[in-house]
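Here's a quick briefing on one protein chain. Take a look at the structure first, and then we'll go through it topic by topic.

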Amino acid sequence: MKIQESGENYLETVLILEKKNGTVRSVDVANYLGVSKPSVSRAMSVLKAAGYISQESYGDIYLTEAGREKAGAVLERHRLISKFLRLSVGIDEETADRDACRIEHVISDETEQGMRKYVEEHS
């Protein structure tokens, strides 16, 4: 199932927080993204319906296998784009990360592969 940009951001955040903290709660996601708890609740409902997360009522959030795969792909794409921006045009890390967060949702496979090749050749 195709999810929107915000859904990808939530999945990526759950993966980051899981790696950092071991467990993920809605309040952790809200704090990390700077959004309200009701916004997180709505997003988690959509991601749960899409089969990307599991969550008991107001409990910890867990990525499903499909969710982990999707979140991992988004995070990998984010890191690639950020590194490409730093290497190719000398953008500072904070700006590169902020821009990568926007670009990661709309980039074509062809452009992603070109960036990957550039990063591999220049790292």
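Is Arg98 buried, partly exposed or exposed? Arg98 is partly exposed, because its relative accessible area is 38%. Keep in mind as you read that this is a predicted model.

**Salt bridges**

- Searching the whole structure turns up eight salt bridges.
- The general idea is simple: side chains of opposite charge can pair when their charged atoms come close.
- Back to Arg98: its side chain meets that of Glu94 in a salt bridge, at 3.7 Å from N to O.
- Both Arg98 and Glu94 sit in helix H5 (residues 93-103), four residues apart, which is about one turn of the helix.
- Glu94 counts as exposed, because its relative accessible area is 60% and the cut-off for exposed is over 50%.
- Another pair is Arg116 and Glu112, whose closest N and O atoms are 2.9 Å apart.
- Arg116 and Glu112 are four residues apart in helix H6 (residues 109-122), so about one helical turn separates them.
- Why does that spacing work? An α-helix has 3.6 residues a turn, so residues three or four places apart point the same way.
- Glu112 has a relative accessibility of 12%, so it counts as buried.

**Helix H1**

- The buried residues of H1 include Gly7, Tyr10, Leu11, Val14, Leu15 and Leu17.
- What do the buried residues of H1 pack against? Their partners are helix H2 (26-33), helix H3 (37-49), strand S1 (53-55), strand S2 (61-63), H4 and H5.
- Just past the end of H1, Gly22 has a positive phi of about 90 degrees.

**Helix H4**

- The 25 residues of H4 should span 36 Å at 1.5 Å a residue, and that agrees with the 36 Å between its end C-alpha atoms.
- Among the buried residues of H4 are Gly67, Ala71, Val74, Leu75, His78 and Phe84.
- The buried residues of H4 pack against H1, S2, H5 and H6.
- Just after H4 comes Gly90, with a positive phi of about 70 degrees.

**Two residues to look up: Leu11 and Lys70**

- Leu11 is in helix H1, and it counts as buried because its relative accessible area is 0%.
- If you skip neighbours within four places in sequence, Leu11 is in contact with Ile3, Leu47, Tyr52, Ile53, Leu63, Gly67, Lys70 and Ala71.
- Leu11 and Gly67 are 56 residues apart along the chain, with their C-alpha atoms separated by 6.9 Å.
- Lys70 is in helix H4, and its relative accessibility of 22% makes it partly exposed.
- With neighbours within four places left aside, Lys70 is in contact with Ile3, Glu8, Leu11 and Tyr52.
- The C-alpha atoms of Lys70 and Tyr52 are separated by 8.0 Å, and the two residues are 18 apart along the chain.

**The largest pocket**

- The largest pocket holds about 290 Å³ of space.
- It is lined by 14 residues, and those closest to its centre are Ser26, Ser41, Gln55, Ser57 and Tyr58.
- Which helix gives the most to the lining of the largest pocket? That's H3, with six residues.
- H2 and H3 each supply at least two residues of that lining.
- By type, the lining residues divide into four nonpolar, six polar and four charged.

Definitions and conventions:
Residues are numbered from 1 along each chain as its sequence is written. This is a predicted model: local features need pLDDT of at least 70, side-chain atom pairs count only at pLDDT 80 or more; totals for chains, interfaces and linings use all residues. Side-chain values use heavy atoms; hydrogens and water are left out. A salt bridge is a side-chain nitrogen of Lys or Arg within 4 Å of a carboxyl oxygen of Asp or Glu. Buried means under 20% relative accessible area, exposed over 50%, partly exposed in between (1.4 Å probe, protein chains only). Contact means heavy atoms within 4.5 Å. On a 1 Å grid over the protein atoms alone, a cavity is a set of points where a 1.4 Å probe fits but cannot get out, and a pocket is an open set with protein on both sides within 12 Å along at least five of seven lines; lining residues have an atom within 4 Å of a point. Grid points are joined across faces, edges and corners, and a volume is the space filled by probe spheres set on the points. Ala, Val, Leu, Ile, Met, Phe, Trp, Tyr, Cys and Pro count as nonpolar, Asp, Glu, Lys and Arg as charged, and the others, Gly among them, as polar. The expected span of a helix is 1.5 Å times one less than its number of residues.
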